[in-house]
Amino acid sequence: MTEHSPPAAPAETIPHCYRHPERETYISCQRCGRPICPDCMRQASVGFQCPDCVRAGAATVRTPRTPFGGRATARSAVLTMALIAINVVVFLVANATGGMTGAFTKSTGLLPDATRFDPRLHLEGVAQGAYWELITTTFLHLQVLHIVMNMIGLWIFGSFLESVLGRWRYLALYLLAGLVGSVAVYVLAPPTSFSLGASGSIFGLFGAALVVLLRQRRDVSQLLILLAVNLLISFTVPAVSWQAHVGGLLAGLGLGAAFAYAPRSARTVTQLGGMGIVLLACVGLVAVRTAALT
């Protein structure tokens, strides 16, 4: 009896990968049914999917959000650590370049009016156009105890707020609170004063954390005690800028309310509006104070 081999399957019936037509395959995407080769297989909850279906599925997944609208991230304290690093670097540079009398400190610390000093000192004041000092001063420290205390506060309250607000809201809060503190110094402190430090920003974090915790119906008794002690120090210890502390605290309370109590249907608009109002108020106050000094 003569043996016959089974007829070969027609070439056109052998499935080929839809992305690599030269590759034969008998595996299909569980979602669309197209044939896929091993290089195109993507593990799914059941079987495998093709790269196109995986991308399409990912596009339909909503990005996780924090309770106040920020994007939830696994590494929530990255921005806080970056802010601490910036403060430390500025501290090292300032002390390595002459400290209080160095050119770096003179150009980054907050001096309202330089015309009231000897021109040979080469000082720059906000009233003469050195508006950058309103921000750079919030990153400037010269004493070890000063920066250590501020960075402890930044780590405790900053890491918490970064996780619940999201990074860009948290960064806006930090910068605006520091700016309001500086503007308060510029408007309320003597024109010959010289201030520096992140205290305005830190008090802004205190204020925002207080509002957020109240919104979450959590216990704030310890925070209130800490805030009361710091305010007492602000008004009783010489050489402490109470203006920056109070200004930053008020900014933190206001922005914290905008972040925590914004209606869900208009959350982003309300929060941006709150930040815009604070920024415009700062610009207006600086313009009025500059006109009065010059």
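Here is a short tour of cysteines and aromatic rings in this predicted model.

Start by selecting Cys32 and Cys29. Cys32 is in no disulfide, and the nearest cysteine sulfur, that of Cys29, sits 3.7 Å away. With 35% relative accessibility, Cys32 is partly exposed. Now hop over to Cys50 and Cys53. The sulfur of Cys50 has its closest cysteine sulfur in Cys53, at 3.5 Å, which is too far for a bond, because a disulfide needs the two sulfurs within 2.5 Å. Cys50 is buried, at 0% relative accessibility. Across the structure, the disulfide count is zero.

**Aromatic pairs.** Next, show the rings. There are four aromatic pairs in the whole structure. Select Phe139 and Tyr174 to see one of them: the ring centres are 6.1 Å apart and the planes meet at 50°, so this pair is tilted. Phe139 is in the loop between helix 4 (133-136) and helix 5 (144-165), while Tyr174 belongs to helix 6 (residues 167-188), so the pair ties together parts 35 residues apart in sequence. Both Phe139 and Tyr174 are buried.

Move on to Phe157 and Phe206. Here the centres are 4.6 Å apart with planes at 75°, so the pair is edge-to-face. Phe157 comes from helix 5 and Phe206 from helix 7 (residues 199-215), linking distant parts of the chain, 49 residues apart. Phe157 and Phe206 are both buried.

**Last stop.** Select Arg34 and Tyr18: Arg34 lies over the face of Tyr18, 4.1 Å from the ring centre.

Key. Residues are numbered from 1 along each chain as its sequence is written. This is a predicted model: local features need pLDDT of at least 70, side-chain atom pairs count only at pLDDT 80 or more; totals for chains, interfaces and linings use all residues. Side-chain values use heavy atoms; hydrogens and water are left out. Buried means under 20% relative accessible area, exposed over 50%, partly exposed in between (1.4 Å probe, protein chains only). Rings of Phe, Tyr and Trp (its six-membered ring) pair if their centres lie within 6.5 Å; planes under 30 degrees apart count as stacked, over 60 as edge-to-face and the rest as tilted. Helices (H or I, at least four residues) and strands (E, at least two) are DSSP runs, numbered from the N terminus. A charge sits over a ring if NZ of Lys or CZ of Arg is within 6 Å of the ring centre and within 35 degrees of the ring normal.
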